[in-house]
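Welcome, and thanks for taking a look. Please have the sequence and the model open side by side as you read this briefing.

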Amino acid sequence: MSTRRNSGETPLTGSRIKIEGSTKSMMFGPDICGTQTKKLHVILSYQGQNYPIKKDLQCETDKLTHFYTFILRPDASYSIWIDGRERDSGSMYTDWDILPPRKIKDVNAKKPADWDDREYIEDPNEVKPEGYDSIPRETPDPKAKKPDHWDDEEDGIWRPPKIPNPAYKGPWKRKKIKNPNYKGKWRTPWIDNPEFEDDPDLYVLKPIKYVGIEVWQVKAGSIFDNILICDEPDYAKKVIEEVFANREAEKEAFEEAEKVRKAKEEEEARTAREEGERRRRERDRNKRRYRRDYYDDYHDEL
C-alpha cells in the first residue's frame, strides 16, 4: 500500500474526522478497497449534514508515497492536488449538492413558432433535369457477347444480361444548402432559481480540533504521515517539495525491494515444486514396494 500525505489552505485532512458526540468538518483522502474501489473522497459538512463531492475522483494505486492536497478558498472555489499537481478544481456551488443551484431551466418556456432549427434545407432554385425519371436502373451489358452455341430458333432471341446503369443516380432530390434562417438548436433557457439563497460563508467549515484517520485494511504496509492544515498554499507547496526531495531515491529503493521480493517468491515457488516432486517420487516408491511385498507374500502362500 502507498503512503499517503496531505496539505491544504482552509481546513483539510488526509482522512476521516469523527469525534464522538460531534460531526466531522470534512473528510478527504484515498479509499482503496479490493479491486473495484479506488476513489478519492471529498466530503464537506454543512449545517450538520455531510455532502460528498459529485465527481468521480480517482486516487493513486501504486505502492509509492503520494501527497494529497485540498485547497478551499473564500469564494468557495477549490483545487485538488496530487503530488503537488492540480488534479481537479471547481466550486462548492456546483460540485456539491449543498445549496440549491443558482439557475434552473424554465419549465414553462416553449420554442417560438418561428424558430427555425433546420441547419440545412433543400435548394429551392434547383430544377430536376429533363428526362431524369426515364433513366433505367439497369442497362444491357455492352461487353456481353452472344455465345457461339446460341441458336435463336431453339433458344429464342438472345439478349445481353443487364448491369447497373452508371447513369442512374436514384430518385431525384434537391441538393442541400445552408439555411439562411437557421437560428441554431433551441434550448430551454435558464432562469434564476427562486429557492436559491446564497451563503457568503459557504466555504467556512466547522473549527477543526482533531485530525482522525480511519483505516480498515486486510494487508499491512500503509503509512499515514505529514498531515498539514494551514492557510498558505505556497507553504503547502513547499512542504510537498521537501517531502518529495528524495522521490527518485524512494523509487530506486522500491524497485530494488521489488526485485528482492520477486526473487524470494520465485525461490519459494521453486522449493515448493521440488518438495512436491520429492513427495510424489516417495509415494511412487512406496506404492511399488507395497505391490512387490504383496506379490511376494502371495507366492509364499502358494
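Helices (H or I, at least four residues) and strands (E, at least two) are DSSP runs, numbered from the N terminus. This is a predicted model, where local features need pLDDT of at least 70, side-chain atom pairs count only at pLDDT 80 or more, and totals for chains, interfaces and linings use all residues. Residues are numbered from 1 along each chain as its sequence is written, and side-chain values use heavy atoms, with hydrogens and water left out.

**An open sheet**

- Strands S2, S3 and S4 make an open, antiparallel sheet in the order S2-S3-S4; two strands pair if DSSP finds at least two bridges between them.
- Strand S2 (26-33) and strand S4 (49-52) are the edge strands, each with a single partner, so one side of each has no neighbour in the sheet.
- On average, neighbouring strands of this sheet are turned by 25° against each other, direction ignored (axes are lines fitted to C-alpha atoms, for helices over the stretch in contact, and angles run from 0 to 180 degrees between N-to-C directions).
- S2 and strand S3 (residues 37-46) run antiparallel and are joined by eight bridges.
- Across from Phe-28 you will find Val-42 in S3.

**A covered strand and its hairpin**

- All seven of the seven residues in strand S5 (residues 66-72) are buried, where buried means under 20% relative accessible area, exposed over 50%, and partly exposed in between (1.4 Å probe, protein chains only).
- In a regular strand, side chains alternate between the two faces of the sheet.
- From S5, His-66, Tyr-68, Phe-70 and Leu-72 point one way, while Phe-67, Thr-69 and Ile-71 point the other way.
- Five bridges connect S5 with its antiparallel partner, strand S6 (residues 77-82), and Thr-69 sits opposite Trp-81 in S6.
- Four residues lie between the strands in the hairpin of S5 and S6, where Ala-76 takes a positive phi near 70°.

**Thr-188 in its loop**

- Look for Thr-188 in the loop between strand S12 (176-178) and strand S13 (190-192).
- Thr-188 counts as partly exposed because its relative accessibility is 28%.
- Lys-111 is 77 residues from Thr-188 in sequence, yet their C-alpha atoms are 7.9 Å apart in space.
- Beyond its neighbours within four places in sequence, Thr-188 is in contact with Lys-105, Asp-106 and Ala-109; contact means heavy atoms within 4.5 Å.

**Ile-229**

- Ile-229 belongs to the loop between strand S14 (224-227) and helix H3 (233-243).
- With a relative accessible area of 36%, Ile-229 is partly exposed.
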